[in-house]
Amino acid sequence: MILPAPCVPCFNPDLSRPKPDSILALALQFESVTTGDFESLLAIRTAAMRPSLEHLGRFDPARSRERLQRLFFPDHTQFILHDQQRVGFFTFRPVDEHLRLEHLYVLPAHQSIGVGSTVLRSLITQADTANRAIELCALIQSASNQFYQRHGFVAQSEDDWNVNYRREPTRPQT
């Protein structure tokens with residue numbers, strides 16, 4: 001089953017938020033992105049990535065802008081809202097026979113409280129329902145590596161800057 005674009009229908013079309021598997025999930029909502037939101041997305045990405053990139057000596061605002069422009073798919077991108085505030089965004093799109101989590105960024109002030117996990121669990125549920133793997137990459141030596149591993153992603157390869165991960169779909173036991 002191929003998930004339709006734009007990304008909004010990737011979630012249960014009857015709901016505007018993830019399944020309430022935690023109190024936090026009840027407060028999360030998603031908002032569609034337009035091409036006019038690029039600068040807001042860049043600000044979120046920069047705030048979320050800057051500490052990890054600086055640690056590696058790789059922070060470069062021009063490179064960050066270029067990377068987001070190259071991987072900017074507004075029809076598959078949504079803001080993450082917590083208590084009606086934009087606290088992050090994600091890009092989740094079909095590529096060949098799998099799904100690609102191109103971006104998942106949460107502002108530092110909203111990290112480590114379950115926002116990313118709630119979003120990722122929702123995306124995993126959608127992928128499992130569609131019987132499709134999820135692929136993504138994470139910056140080498142960043143905390144995101146442990147985050148993705150905790151959620152069942154397995155490293156497939158790495159280069160000088162990124163670790164490439166894949167999570168195979170799991171079938172519900174009957």
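Predicted model: local features only at pLDDT ≥ 70, side-chain atom pairs only at ≥ 80, totals over all residues.
Q: Is Pro74 buried or exposed?

A: Pro74 has a relative accessible area of 18%, so it counts as buried. Its place is the loop between α3 and β2. Helices (H or I, at least four residues) and strands (E, at least two) are DSSP runs, numbered from the N terminus.

Q: Which residues does Pro74 touch, leaving out those up to four places away in sequence?

A: Pro74 touches Val33, Thr34 and Thr35. Contact here means heavy atoms within 4.5 Å. Pro74 and Phe38 are 36 residues apart in sequence. In space, their C-alpha atoms are 8.7 Å apart.

Q: How many salt bridges are there?

A: Side chains of opposite charge can pair when their charged atoms come close. The rule here asks for a side-chain nitrogen of Lys or Arg within 4 Å of a carboxyl oxygen of Asp or Glu. By this rule the count is 10.

Q: What does the salt bridge between Arg86 and Asp37 tie together?

A: Begin with the distance. The closest N and O atoms of Arg86 and Asp37 are 4.0 Å apart. Arg86 lies in strand β3 (residues 85-95), and Asp37 lies in the loop between β1 (28-32) and α2 (38-55), so the pair ties together parts 49 residues apart in sequence. Arg86 is partly exposed, at 37% relative accessibility. Asp37 is buried, at 12%.

Q: Which residues are linked in a network of salt bridges?

A: Glu31, Asp37 and Arg86 form this network.

Q: Where do Arg70 and Glu66 lie?

A: Both sit in helix α3 (residues 61-70). They are 4 residues apart, which is about one turn of the helix. Arg70 is partly exposed at 48% relative accessibility. Glu66 is partly exposed at 37%.

Q: What distant parts of the chain does the pair of Asp128 and Arg167 link?

A: The side chains of Asp128 and Arg167 meet in a salt bridge, 2.8 Å from N to O. Asp128 belongs to helix α4 (residues 115-130), and Arg167 to strand β7 (residues 162-167). The two are 39 residues apart. Both are buried.

Q: What is the strand order in the open sheet?

A: Read the sheet by its pairs: two strands pair if DSSP finds at least two bridges between them. This open sheet has 7 strands in the order β1-β2-β3-β4-β5-β7-β6. The pairing is mixed. β1 and β6 (154-158) are the edge strands, and each pairs on one side only. Neighbouring strands are turned by 30 degrees against each other on average, direction ignored. Axes are lines fitted to C-alpha atoms, for helices over the stretch in contact, and angles run from 0 to 180 degrees between N-to-C directions.

Q: In what sense do β1 and β2 pair?

A: β1 and strand β2 (residues 77-82) pair in the antiparallel sense, over 5 bridges.

Q: Which strands does α4 lie across?

A: Helix α4 lies across β1, β2, β3, β4 (98-106), β5 (134-139) and β7. α4 runs at about 170 degrees to β4.

Q: Where do Asp96 and Gln141 lie?

A: Asp96 lies in the loop between β3 and β4. Gln141 lies in the loop between β5 and α5. Now check their backbone angles. Asp96 has a positive phi near 50 degrees, and it is not a glycine. Gln141 is not a glycine either, yet its phi is positive at about 65 degrees. Asp96 is exposed at 66% relative accessibility, and Gln141 is exposed at 59%.

Methods:
Residues numbered from 1 in each chain as written. Heavy atoms only, no water. Buried < 20%, exposed > 50% of the residue type's maximum accessible area, 1.4 Å probe, protein only.
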